[in-house]
Structure formats: C-alpha cells, structure tokens
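Look through the sequence and the model, then read the points by topic.

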Amino acid sequence: DGHAGERGRDGQLNIIYWQAPSTLNPFLSGGTKENEAASLVLESLARFNENGEMVPWLAESIPTVENGGVAEDLTSITWTLKEGVVWSDGSAFTADDLIFTHEYCTHPESGCASVSYFDGITSVEAEGERGVKITFDAPKPFPYTAFVGAEAPILQKAQFQECLGARAPECTDANFGPIGTGPFVVSEFRPNDVITYVANENYREEGKPAFASITFKGGGDAVAAARSVLETGEFDYAWNLQLAPDVLDRMEAAGKGTVVAAYGTSVERLHLNQTNPDPALGPDMRSVFMNGENAHPFLTDPKVGQALSMAIDRQLIVDVGYGAGGQPTCNVLPAPELYASTANDGCLVQDIEGANALLDEAGWVDSNGNGIRDKDGVELSVLYQTSTNAVRQDTQALIKDWWRQIGVETELRNVDASVFFGGDPGSPDTFQKFYADIEMYTNNFAGVDPEAYMANWLCSDIPTPATQWQGSNIQRFCTPEYDELVEKMSVTANLEERGELAKQMNDMIMQSYSIIPLVHRGNPSAHANSLGGVKMSDWDSELWNIADWYRIKN
Amino acid sequence: MLDHIPEQATADPVARLNGLRVEFQTKDGPVVGVEDVSFDINAGETVCVVGESGSGKSVSSLSLMRLVEFGGGEITGGQLWFGRDGGQDIDLATTSGDDMRHIRGNEIGMIFQEPMTALNPVFTVGRQLTEGLRLHKQMNKSDAYARALELLREVRIPEPERRLAQYPHELSGGMRQRVVIAMALACKPRLLIADEPTTALDVTIQAEILALMDRLKRETGTAVMFITHDMAVVAQMADRVVVMFRGNKVEEGPVEQIFESPQHPYTKALLAAVPKLGEMRGKPYPEPMKLLGKPGAEIKPIPGTEEPLLEVRNLTTRFPVKGGFFRRTVANVHAVEDVSFTLNKGQTLSLVGESGCGKSSAGRSILRLVDPMSGEVRLDGTDIMALDQAQLRRARLDMQMIFQDPFASLNPQMQLSDQVAEPIHNFGTLKGKEVQARVEMLFDRVELPRSFMRRYPHELSGGQRQRVAIARALALNPKLIIADEAVSALDVSVQAQVLNLMMELQSELGLSFLFISHDMAVVERVSHHVGVMYLGRIVEMGPRARVFENPQHPYTQALMKAVPIADPRQRKSERDLNFKPIPSPIHPADHVPEPSRYDEVEPGHFVLQGDWGGYTRSDAVVRTENKLREGQDAPEGLSGRRLYD
Amino acid sequence: MLTYTIRRLVLSIPTLLFISIVIFLLLQLAPGDPMAQVPLTVPPEVKQKMREALGLGQPIHVQYWKWLVQFFWIEPQVLVDWATRDSWLFGWLPDTTLSEGKLRVISWQSRSPVMDIVVQRMPQTLWVVGMSYIVGILIALPIGIYSAYKQYSLFDQAGTFVSMIGFSIPPFFSGVLVIVIFSVNLGWFPSIYDTTHVVTDWASFKIQLNQMILPVMVLALQTTAQISRFMRSSMLDNLNQDYVRTARAKGLKESVVVLVHVLRNSMIPIITVIALGVPSVFGGAIITETLFKVNGIGQLLLTALFANDLPMVMTLTFIFAVLIVLFNLIADVLYGVLDPRIRYD
Amino acid sequence: MTDQTAQAPEVELYGALKDKEPPKEPRSQWRDVWDQFRKHKGALIGGGFLLFITLAILIGPLIWTVDAKQLDIRNKDMRPIYTALWDSTARVSWVKPLGSDNLGRDILATLLAGGRASMAVGWTAMLLALSIGTAIGVCAGYFRRLDGPLMRFTDLFLSLPILPLLLVAVTLFRQPLRANFGPETGMFILIVGVIGITSWMQTARIVRGEILALKEREFILAARSIGTTPAKIIRRHLLPNVISPIMVSATLGLATAIITESALSFLGVGFPSDFPTWGKLLSDAVPRMEDFPERVMLPGILISLTVLSVNYLGDGLRDALDPRIRGR
Ligand SMILES: Nc1ncnc2c1ncn2[C@@H]1O[C@H](COP(=O)(O)OP(=O)(O)OP(=O)(O)O)[C@@H](O)[C@H]1O
Ligand SMILES: Nc1ncnc2c1ncn2[C@@H]1O[C@H](COP(=O)(O)OP(=O)(O)OP(=O)(O)O)[C@@H](O)[C@H]1O
Ligand SMILES: [Mg+2]
Ligand SMILES: [Mg+2]
C-alpha cells in the first residue's frame, strides 16, 4: 500500500492550519499551532500516541520504577537516549542538548512557556554514554513532563547557546528555523503565513518520511480550511475544524476527504459563579471571593445548579455543534479511562420536568407571574457569557431556550476571544474576572496526568484583585475537603489510587454544580482520502507520527 | 469706415436662414427656443443680431453649427442654407454628422460668449489653436504652430511666442478672447459667428477687440454674424441689423435705418433704453431715462443735498501675497491706495475705472467686508473703522450693498421673500406680521409682482433678480447703498428700468449711492460726482458734468475714447485707441507709496498729480485678477478644494 | 510648489507624532493581552513570566519612548545597513553597521523584527490588493465615462444599479460566493493563495494570474463601484462646460471631444480620489485576504490585533497613518500638477 | 417685414416686470417638493420600498407573531415554501414560510426582527456620522483657522485602528450603558456610537471642499453685508447648498453602517448573539450557503435593496429639494 520505499517518494504534502504559526520555537510561544508546527522538526524523548500511551521516541524506552528508570523515592528519572540519533545538520545528539534545553527554558529572563514542565527539577545531568538523569527536589509521582510531548522538546545546544534568557528573541534565525532530529527540516519560515519543510536527509529511520516536502499554510478560517481539503482537494490535511456538523458533513459528502477527531481531555463546560457578580458591588467586591461572604445569590445552591444541568440536552448540543468532534459528558475530567468517573452519568438525559420539580421543591417559584422563578425577591436571571465563536453561540441559544422552560431568564453575551482569554486585569470581560453569572469555555490538561489539572480548584487558586485576577479556580469553588484531596494526590504514586482520588475530586466538583460539563470535545481535523498513516492524538501534537504518513496510491 | 460698402454685398449670400424653428425637450414638454427666423448673411458683411437675453440669438447661431443638438435642442423646422466653397448650397439642417464636422471650424468659425470658459483650462493655448488646423488642413505639428503664431500676431496679442506655451488662465480676459477669435479664424472660415464676444470685457479691451474684428473682416472678406445685446456695439460694427424678440425676428434692415427710423415698437423701446454718452451734457443733475411704453413717468432731475453722509479719508486696502517657506508676506496687492472722497446725502458718487483698478475693493472696504489697512471712514458721524464686530454689524443697518451678479448674490435655495426678509430678521427691526407687510411693501416698491415672493431666484430674469437684491438692500432703510456694478450684467432695457428705479428711490427716499461701474454712459446718467480710479487711486474726481465734459487726466481721456457710442455715424477706428496695459498693483512688502496729491483744476474738480503709469501688467496680476473674476478669490485658494496646511 | 511640498512635509511631522501618541495610548487602553492565545494549560505564573519577558511591565511612557527610538532611529539605520550591503543601488558603498546590536521593533508573537515581516508581506499585498485597485479603476473609468456621456440611458441606470449592489454586498459574502462557484463547483481557480509562488517565466506567471483572479475580482468590485460613481459625476460636471462646445465648434470628432477635452479635465478630481485611496492598498484588505488566505498586510494586522501584538499593531497602524498623511499631500500636489490653474506659492 | 411688425400685437416692453405666465396659485413649498419628487420614478419606487420595509418590520411582528429568538429544534433546517415548486423533496411547511435555520428559528421572524435592528442601527449610525462629518466639514471649511487642526483630526481618525478602538469603547462604556439603558438598548447606543465616530471622515472631507467653494460665492458676501451672523450663514446659506454631496454620503453611509454592524457582531462586540440583525443573519448563513442559499440571499437582497432604495430616494430628494431643478 505504498508503505515502504525510499525517502521522499511521495512528493509534496499540503497542510493547512487556519491559524498560522508565528514562530517555530515552542518555548517562546506556548501556542498549540506553534508546538505542532515545531513537532515536525523538534522531538522529545517520548511522545503520546493516539490512545494517550507514552511511546519512546528519542529514548530507548520509557523509564519506570519497575525497570529502574525512576528512582524508588520518585525523586529522579533516568532516560537512555536512542542510539545513532543525529541532528539534521549531521552533528550528534547528546545529553548536552538536554542539559542545555533545561537551562534555556528555566533561565529567569527567558519567559519560557513550558517552564512548568521543568518544575521541581534540581538538575539535569549526563549519566554514562547515553544516559540523562533528571533529579527532582521532591518525590514526583508523574515524572514524565520534561522532554516529553510537544510542549517540551529538545533544542540543539549548538544552535541556541547564544540565545539564553533575554537574548532569546534576538535569535530570529534560530527561532524560525530550529535544527531538530525530526523527519523534516525547515526550508522557509514566514511568520503567520506559511512554512515549507523538506525531508530530513539525516533522519534516523530508513525510508522515512515518505514525503519530500511539506507546505504548511496558515491563515483564513476553519470553513475555508475544511473546504480546501474536503471540497477542492487543494490541501491534504486541515487542523482544528470546529464547525457545525452539518457544514462538515456536507463538505465530506464531496468525497475528497475525511473528518477525523482525536479525543483528549477537553471539556466544554459551564462555570457557575460562586461569588456575587452584581455590578453594583464595585470593583473590590464584584466577583471577589471572600471566604463564603459575598456568595452568589442562588448559584451556590446545588439544587439550582442541578436543575440548570438537568434542563440541558447534551446530545442535542453535540448534534448541532460538534458532530463527530464531541460526546456528551458529565465529568470535568473525562479521560483517560483510569480517571474518568461514571458517577454522574445521569445528566446525559435531559429532564426538564425533573428540573422544574427540583426548583419547585427548593422554593424557587414564579411568584410574580413574569415567567421567571424567584425566591425572596431574587429572580433566577443569569448573564451567560462566552467567547465569540459560532458553535458557542448556537449552544448558548439552545441552553437559553431550555432554561427558559424551567423559568430561568438568560441574557447572552459573547466576548472577543482575545479579550476573554486575554487576562488583562484592566478589562471587565476576561474569563478570570468573571463579571457574569455563568460562563462557558473549554479547558483541558496537557499530557495524561490530571494532577495539576485537578489542582486548579484549590481555594488558593481563586482569582482575586490581589493576584491581578490570576488563578485557575475560575468559578471560585472552595471546600477544605477538596484541598485535602489535592494534597493527598500529590504524594500518591500508585496509579490506581491516583485514579480513585481523581474521580473523587471530579465528583466533588460535579456535585457542587459549580461546574456543569457539557461536551467532551475532540479535535476534529480533516485529511484527504489519499493521505495514509494519520493517527490523530490529542495528547500530543496531531502531527506526532508524520514520519509515517504516506500517499495512498490507487 | 461707414462709407466702406462691402464689395461682395450683392453676391450670393453665404448663409440663409429660412423659417428656422428650434425646440428643446424638457421634462415639462417641448420649449421653443427659436420660433421662426429667416435672414441672410452675405459675404464680407457684418450682420448684427440684437435682442434681449433669451430672445434666441445664441440658439440661432448654434443651429447654424448644428451644436444645439448637444444642448438638447432639435431643429424642427426651416432650412439653413450654406454656400460651400465648392459652390453648391447645402442645407445644414439635414447635413450628416461627418460633413458637419468638416464644416465646423473649417468653413464656419464661431466665437463664444464667455472668453473665460470657452477655452479648455488644461491645454496650452498652442495646442488648442493648432487642433483645428491639424484636423482640417492636415498640417503637421510645426506648420500648425507656425500658423498659430501668425494668427496670434494677426489678433495683436503681445509676445505671441510665449502665449503659445501658456495656459488660458495665465492670460488676461482680453487676451483669452483674442485667442478664441484666432481659433475661430484659424481655418479661414467663410462665415464667422461671434456670439457676444465682448460682453464680459472691459470697455478698453472691448474697443480693441471690436476694432480687431472689423479689420479682419475687411482684410479677409469673411461674412460675420455678430450677436450682441449692446446697441452701442451694434452701431459700431454692423452693416445690417436683425432684431429678435422672443424667438422671432421682428425687424431687419441696414444699420442706419434701424437706428434712425426703427419700425417695430420693440426696436424703438430698445433704442430708447440705451444710455448714450453725451446725452447728459449740460444737465447738472442726473435724471431718469425716458422709456417708451411706460406711461406717465415724469422726468425730473434729482438734486440731492450738499450735506455729507459718507466721508472717506486716505483709505488704503492691501492684500498680502504670501510666499516662502514661512508663508510671510512678500508683497502686497495695493488694491486701494490713499483714496479720499465725500458723498453727500441724497446724491450719487460713481467710481469708474477698468477691471482690477480697485473699485470693488474700495466699496467693500467701506462696508468692512474686507478689512482696510488704514484710513478713515465716517458714516453720518460714526467712525466705521473703530467699530468692533458687533457694532459693525449694527452699523450695517445704515449701509447696504448691491452686487454685480444678481444671480450669484442670491441664495439659490431660498425663497425670495425669505431673502428679502433676512436682514429684517437679522436685526429684529420688525416682528411678526409686520415683516410680511414690509416685504410686500418692498416688492411693490421695486415693482415686482407679489406672486414672486414664493419664487426662487432661478425663476426670475436677471432684471427681476436685481430688483430683489435692491429690495433686500432697502429692507433696513439704509442711508447708503453701495451698488457694485449693479447693472452691468443686465440687458439694456432691463438696465434702464433698474437705473430708473434706483434714481426714483433716491429722489423719494433721499438715499445716497456709491455707484461702482465701468460703463461711462451709465455713470454719466446717474451720478452727481464721479471719481475715476486707476491702480487703486482716484486719478480724477469732481462733479459729473465737469469730469465728463472736461476730462483732464490722460487716463480719463483714454477711457472716454474707448466707450462705444450708440450711433452708427460716429464709428471709432482702431487708430483712435491707444492703451497702455495696466501696470501692476503688486509691490514688494516694503514698498511705501507716495500719498495722493491733487490739483484742483476747476472748483471741486481734482486731478491727481504726477504720472502713475509705466509698469507692465505682470503675470501675477493677471492670474490674481482672473481668479477673482472666476469667483475663486484669494491668491492661495483654488476652487472647490483648498489645500490646507 | 517645492516649498509648499516641503512645508507640508515638515508640518506633517508633529501631526504624525501626535497621531502616534494617540494610537499608542489607545492600544494601551484596549483590553486584551498577548497571552490570550497561550493555552489555558499554561499556568498563570508562567504567563506572568512571559509577559515580563516581553517588557510589558514597564511604565507606558518608557514603552512609548522605546518604540519611538526603535522606529525612528534604529529602523532607518537597519535600512541604511541593508542599502549599503545588499541593494544594487548603494551596494557599492562601504558596508555600514550602524544598527548592529541594537534592539529593533520586535513582534511579540514571532519575536522577530516587525519590519522584516512587513517587508515579507508587501509582495502579496501589492499583487492582490494593488492589482485589484488597478483593475477596479480600469473598469470603473470607462463605465463612469460612458454613463455620464449617456446620462439616464439604460447603460447608466444599469451602472448605477450594479455599483450600488456592488457597494452593499459585503466581501465576506461575495468572496465565499465566488469560491463556491469558481473553485468548488467549477474548479477553475484555487481558493487558497500560494504566497510562496515565485514568478519566473510565463507558466508560473499564468499560475500567479490564476490564483489572483478571485480575490482581485472580489476586491475590484468595491473599487469599481465607488470610482465609477465619482467618474460619472465628474464627467457630468465637465460635459456641460463651454469649452466642450468650443471643441465641437472646431469640428473635432466626438471621441476626441469626450476622451481628450472632457476626460482630461474630469480626471483631475478623480486622480486625487485615487491617490487618497492608495494607502488602503498598502493597508491591505482584511476580510478578502483572510478569505483567500493571501496573508498580506491586512491579515498581518488582524492576527496581530487578535494576538495583542502591540509592537506589530502599533507599527502597522503608524505606517498606515504615515501613508494617509503622505498621500493626502500627494493628492494635493497632484492636483496642482494636473490642473495648471493651481499654483502654490 | 413691415407687414409683420404692423400686424404684431402691441409688444409689452417690461418683460422684467410682468409675469409671462398667469400668476401661479401660491402653493406651499412642500407641495412643490412633493410634486417634483413624484416625477422621479426611481425615487418613488425607492421610497415605496423603504416605506414597505419600514412598515413590514414595524407592523410585521404584530401579524407574524412568531418570536424570532424562539428555537424549534424539531423544525430545523426547513426550506422556504417556494422551493416546493421545483424540489418536491424539500422540507417545507406553511408554519415556516421562509424556512428555518439550523436551530429551528423562523427565518421570516428573524428577518423582521433583524430588519428592525439593522434599520435602526443603519439609520442612526448614518445620521450620527453624517452630523459629525457635516459639522466638522463645515467648521473646517468656513473658519479658516480651524481648517488645519480639524483636517489633522480627520487624518487621525482615518488612521486609527478600528478594532482596538472598539474594544476600548466596549470596555469603557458597556457597563454604564447597560446599567442605564438595559443590555439591548445600551449595546445599540454603543454600536451606533462606534460606527458613527469611525465613519464620518469621508463626509467631512467632501463637505469641507464644497463649503470652501461656496464660501467664495457672492451670496455669502451679501449675507454678511446684511448682517447675518456666521451661525446663520452656515445654517441658512451654506448647509442647504451642500445637500447633494451629503445625500451621496448618506446613501453610502447607510450601506456601510448595516454591514459594519454585522462585522461588529462577528467580532463579538455587537448585540447579544441571539439578537438577529440582517448583517449577522447574512454572515451566519455564509457557511451553509450551498444548501440553504435563501439564508444568505434573503438578508443580502434586503440589504442591497434598502441601500438601492435609499440611493434612489436620495436622488429624488435632492432633485426635489433643489429649487433650480424643481422649477423645470
Ligand atoms: N439647452 C436648453 N434647454 C432648454 N431651453 C433652452 C436651452 N438653450 C436655450 N433655451 C431656450 O431658448 C431660448 C433662447 O435662448 P438663447 O440662448 O438663444 O438666448 P440669447 O438670445 O442668446 O440670450 P443671451 O443674450 O442671454 O445669450 C431661451 O428661452 C432659452 O430658455
Ligand atoms: N481678496 C483679494 N486678495 C488678493 N487680491 C485681491 C483681492 N481682491 C482684489 N484683489 C486685487 O485687488 C485689485 C483690485 O481689485 P478689485 O476687485 O477691487 O477691482 P475692480 O476695480 O472692482 O475690478 P472689476 O471691474 O474686475 O470688478 C486687483 O488687482 C485684484 O487682483
Ligand atoms: Mg446667448
Ligand atoms: Mg469689481
């Protein structure tokens, strides 16, 4: 089937990313598109396959406690580099490069986006001929962060050694054309526009990659990108096609390409503000967590949250907005399997009557006949915001309609994504500030370990004016029990136990109804029918196995 | 010249109009421009077509060129026989477009009414002159230029070589008109149509151009159709006269016959309305004209009073010419220079002089519509120069202005009654119903039907519009009215009515007029005193009778000579004319002019000492003037779009 | 004229400085953050570090001054260095190294000099947006001339109709429409513009032409609609002038009368209108560029805006302001050049 | 010749004084305007269409009482009833005469509701831009001293980047406006304000040019000489004479305003997402253009026709308001 053969036998490959990469140095950007574009060139010791399993990449194998690669006390890990790996310029790939990469990213002035992957590392040192030992300052139950995955790949020391710290941005040539060990080398990089790659002559595997060159085009919008693969066939692969399923289906019907989705941990969810966002409160109190004071007039009541959740038909949201790119979910931590709880699956079925009954029971009734339930003079009326995006606006409209049926009034608002996710403390519209009752967006965690993710909801991570509204506990959820569980997980190494803890935490949040999960989102991409070997992974770069891609001859 | 009978007069006519009828299709159905006109034009003969504005003169001539069609007109009847060079006559009304193009410019030349706009502003004179030559005579470029040069010499343009490379706006009005004439003559046409070629020009330039055309006709034997509404010009030019009225020919005959024994009442009225220089000889005070058909108007002189109303002393107005990087004043246009005069209550003082001599500037300076540099203006004891803006506005209650162009000085978008009432509203002199009553009274006063009150300016004829302007000026009961060329744009008959009206008002209301004009005959008719302006100064001033009967200053004398006389037996010849071009009024910023000193040659008759001529008219002046004329104003401006910085 | 031009140029410097301050303050005031596009998985502390690395913490006036120096002092030096090093015009001069080691205006997104990216984007912007401007004008002029000459004719009415429609259809609609028709259904033209394509010979030129047609068409529609209206009214103004009659009286052909005498005069205001539109050519066409993935200046500005790449936005906007002021001046000077009646002193 | 004159009736010589036509009945000025307006066919049709649209969007919702925001997911993606004429398999129903969108919202109802918003935004924003532009143009043209600064100011606005300006406006004003006027009216004011203050520059430039030319006309001098104050000169003499270029700007301004509004909601600065406007309906429907062409065509046609009608209406009004043309 055209699998085997000499390098470059399949000629040209065209990839379109409708958001164009602006640099090829993942440490300077942190953006998904940059990481993925760089993953063709820069590689790491291990990558995650389509199932979220770690695959040794530049390492001989995955070190574990069992095989002795990870110290018993979990404070160090030792990787063995694969033999015979060379950089694309022909020079040898050594432990020095890893040591340098660590130094590069942890330099205090560098502003490295992946610095959290190097958290807790006290030293990286060469051990023997091909060994690299990473030592941590404390036991690290999940030590596979540094040099694993697309976010923390390895840079060539020779190329970047002049670019440490504040000088990093000055090395434009290096940032735009990093030398790597991957199957392709950059031949031209135009920021935010187009990248051309050619096959790496020094690639370690014989006969790979099959393609001689790649044009990696950026720009436009998702519809156009989908069209160019599915309808006109100008491109072979299009990334991140968050489009309404009917639009995608129609394009797919042209028969030129296929839509594929990779599932990671992304969950589209509603956050229910646990603090009071009333504009009348003023900047010092509005949406500010004050240890239970200043609570939201009704959203802290789990019954209300539950009713809101019950009223939602998640399957319909998927049908209308996500199609193959989504599944209804009732968990904020939907994957990997080990961590996914099943305790809340009741939410998968819409139950408007149940929701109404629940509210009646909780004392929320429409006492003044305006169609909106109220209690003690407080009306069930919410401001529901999200970022601007066609699918999200459709979802908003659907949810508003369902909530209307349970007597909840909804005002919709959408905010430009660059503002919403921007985190500018001066703007009233950021998701951290949460000047609304309910907001909707997607979050996930990188890699396969949820520890850091679950730690998002610590009391101490609530955004407040004091922290310039930085913090990941957006809905301002705070219970001491939860904080304890987080603490416990950070010292538990056993996978089973970790799984149990994660589920417990997930359920705790779900039952507080401060988060209402909606859709477990996949990452839909499209590839031409003539493109073989695509194995979508949402745990790593989508292009992680591009060396294996080939052209199907018919 | 009069006794010069054209040799070919008896030969075949060059053109014969026969029952011409022209209609225009408008939104409201067809409008007849010319109803039924027939006359002949013989070779070597000048046929003058006269008639008031709108009587169909231009339409007839445009029909001969078949140019009416481009204005939406259509020849719906009659024939236009034209004797072509080859011999056989053709009917131009039915000639094909290609043949017409060959005839136009080649066999029939045409000079248009407006010298200012008849030339394409973006092509050089040379290019526009040679265009026809190269087309019709198949000349190459250099031959055509040589011929153009020759033509310019023929029309006596100074420095013809330089002119060829210049653009129209760089030439003075007189020169432009000569270029247009040269253009019409370029291919030696057999018929030359001149549509009011001198109406827009100064007397002096007009005299030159008339003389020039007459000479050319004599030298080349071309047939000339000369269209004008000025009877004095007719008297100077015509061999035969055709009188038109409302689209019809009403009378035709040799020039002497028309002037001496007009038959048609319209012709008679027309002739009666023409002011003739010298008519007022021996009469100390102005008096209204005797107009035909106006019953019962008793003519009595207007003595006025000897009580001064307006005293102007050493008035000086200069316009800075800015230049250089910092836009500093590098020179000044000395528009009004040390002018002093006194105007009495109930009297008229006229300022005469050529275009650009500063008459308007003087008038506007008195009203402070432009700010004078220095001098003293007293109106009935108030020092106008000392007033602040608010006071000045009040002071204008007593002095009003009538402008030259009745169309331009009325807002096209406002009803007439509103325009007349505007000054009343501005000063709140009257309230409520009284305003309406006053406006009605004013309309009656200027003899406009009350039904006109709701009309718009474009719905009126020129004379009617000027009456509205007068009514507006009267609205506030002013003591002084400055009439800046108030009748220059009007037909003679209308002009006579407006002049009479003004004089009537003067005798009844005791108004004082500062009458600005370049028309000596009109000035003679209306003024008590006359000041002759030249280069911003008054060169001669005195009682009207003295200045006209005994002109002392050489400039006054030259001016008097240039005025055409409405009498075919007193034709002027080119030899009588002797003009020095007007010197430049632009002087460097540091120039300090001498004060004006006068000799009193007779009691009350002053003549400026010294010789003020001798400069040449610089290009800068020409340009400034042309801009002013074209209504663009201000040296650094440009129409429609001023550059900002 | 020369002094006029120079004076205007000198006077435009304070104007531009003022404009730059306003733009800078506006951008500072605008909400949004360069970290918006960094995934939520990156912890807030890291983002804060990244912000600091971009120099975001500094006081506003320091940031402004820095930009000013970089833009007005260092970037010209880079230009000089380049000129003496690589350009064919000045390449023979000894190489200068004025800018060596100095910090240029750096984009926050790509961490590379802003000017380099701008220079990189120029060709496609000019090819597509510039070409569409030219095409639009070339179509508009004859339409305008003919509609005026035959005022109220069927052609004129149709022209009005089409240009009003052309004006009221937003490009995000017309663009997709032509893509659906011509690339999806008919497959004649590509829907995606290849910015790396280099024209070397006839064949590659044909490819270039092929990929340009759709975006040029969409953009030209708008230009045509506007310019033809202007042309028509300008022609109408001139067709009734006296000199036209004079030209006819000379026996000139109608074509000469209209196309030489009238046109020449009517072109004067049009050319200045056209000149005033040129800055928008350099400014790119945001929506159309995005639709066809032309990735010119317009798309650059848009992505920079969404990514809150302040140095990029600031520089682009400022260049745009310079062009606007400059072309205002050029329009005024052109007016004087074309119309002999106008003189500057 | 003598025959002719002999037979000619007594010619009246005072042409200037006598009415040639029998005096017209005094008529109201507006009557004249209307009479002239009526003669302009395009203007009548345009005006008629505008009136129709306006009535439709005002009264329509009273007749077609379906709520434009009401979802009806079971009846989603219906085709307009007329598609049944050629496509018997199309999902059509009289319940949704113009079909429904992907969430089952009734298209007829959204068009009506969208029309209200679009027309309101378009007209107000256009009028706002027009008034700013005219005011600035008039001041720059009339007062020489203001000319330079005001034109600089215009340059500044021409070069300001719109998007950050928008975002700033939203940041600063959304909350106060929402608090005072409610979410929709507040947003309306904000949108109208933003469109208005970013699109007046062209008008200002044109008006300034016209005023510069007009200012030199004699009737302005005449007005000054009769003591008219500058304010009155501007109001009575200058403004009525620049109506025609203002009309042109108005036509183009309306189109731009309607389209810009949709671009704003595209950027998330516009009305709440479930609040339909023509521009938004159009841009939302673009991805599904091939399957549901009516969803782009209907709002697209409505926008175009509205603009076209305003254009013709403007032409007619200009003719009708100009007494020079009216007289003919
Ligand atoms: N293009 C036109 N459309 C409609 N009517 C016209 C047109 N041109 C001329 N007329 C009408 O034809 C008549 C004759 O006009 P014409 O221009 O021949 O007058 P004239 O005697 O030359 O006047 P003037 O002395 O003012 O030049 C006028 O009543 C005028 O209204
Ligand atoms: N606003 C101005 N700026 C500069 N120069 C001016 C201005 N107004 C008039 N001038 C110049 O002043 C001189 C006198 O002009 P003015 O208009 O007073 O002459 P005039 O005698 O009224 O001429 P005309 O008979 O042509 O109206 C002319 O040379 C003219 O060019
Ligand atoms: Mg005429
Ligand atoms: Mg004058």
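**Overview**

A search of the whole structure finds 69 salt bridges over all chains; a salt bridge is a side-chain nitrogen of Lys or Arg within 4 Å of a carboxyl oxygen of Asp or Glu. This is a predicted model, in which local features need pLDDT of at least 70 and side-chain atom pairs count only at pLDDT 80 or more, while totals for chains, interfaces and linings use all residues. Residues are numbered from 1 along each chain as its sequence is written, chains are lettered from A and ligands numbered from 1 in the order in which they are written, and side-chain values use heavy atoms, with hydrogens and water left out.

**Chains and their contacts**

- Five pairs of chains touch, and the most contacts are between chains B and D. Contact means heavy atoms within 4.5 Å.
- Chain A and chain B do not touch. Their nearest C-alpha atoms are 39 Å apart.
- Chain D has 13 helices and zero strands. Helices (H or I, at least four residues) and strands (E, at least two) are DSSP runs, numbered from the N terminus.
- Of the 328 residues in chain D, 57% are buried. Buried means under 20% relative accessible area, exposed over 50%, and partly exposed in between (1.4 Å probe, protein chains only).
- Among contacts in chain D between residues at least 6 apart in sequence, 71% join residues at least 24 apart.

**The interface of chains A and D**

- Here 32 residues of chain A are in contact with 27 residues of chain D.
- The area buried between the two chains is about 2400 Å². Carbon and sulfur atoms give 47% of that area. Buried area is the accessible area (1.4 Å probe) that two parts lose on being put together, summed over both.
- In chain A, A:Arg250, A:Glu411 and A:Asn414 lose the most area to chain D. Together they account for 19% of what that side buries.
- The rule finds five salt bridges across the interface of chain A and chain D. A:Arg227 forms a salt bridge with D:Glu290, the closest N and O atoms being 3.9 Å apart.
- Helix H11 (390-405) and strand S16 (409-415) of chain A are among the elements that give two or more residues to the side touching chain D.
- The largest share of that side, eight residues, comes from H11(A).
- By class, the side of chain A that touches chain D has 13 nonpolar, six polar and 13 charged residues. Ala, Val, Leu, Ile, Met, Phe, Trp, Tyr, Cys and Pro count as nonpolar, Asp, Glu, Lys and Arg as charged, and the others, Gly among them, as polar.
- A network of salt bridges links A:Arg227, A:Glu231, A:Arg250, D:Glu290 and D:Asp291.

**Salt bridges within chains**

- Side chains of opposite charge can pair when their charged atoms come close.
- B:Arg147 and B:Glu150 meet in a salt bridge (3.3 Å, N to O). Both lie in helix H4 (residues 141-154) of chain B, three residues apart, about one turn of the helix.
- At 9% relative accessibility, B:Arg147 is buried, whereas B:Glu150 is partly exposed at 42%.
- The side chains of B:Arg450 and B:Asp444 form a salt bridge (2.6 Å, N to O). B:Arg450 is partly exposed at 42% relative accessibility, and B:Asp444 is partly exposed at 37%.
- D:Arg105 pairs with D:Asp101 in a salt bridge, the closest N and O atoms being 3.0 Å apart. D:Arg105 is buried, with a relative accessible area of 12%. D:Asp101 is buried too, at 13%.

**Aromatic pairs**

- Over all chains, the structure holds 50 aromatic pairs. Rings of Phe, Tyr and Trp (its six-membered ring) pair if their centres lie within 6.5 Å; planes under 30 degrees apart count as stacked, over 60 as edge-to-face and the rest as tilted.
- The rings of A:Tyr453 and A:Trp457 have centres 5.3 Å apart and planes at 75°, so the pair is edge-to-face. A:Tyr453 and A:Trp457 are both buried.
- The rings of C:Trp67 and C:Phe71 have centres 5.1 Å apart and planes at 15°, so this pair is stacked. Both residues lie in helix H3 (residues 60-85) of chain C, four residues apart.
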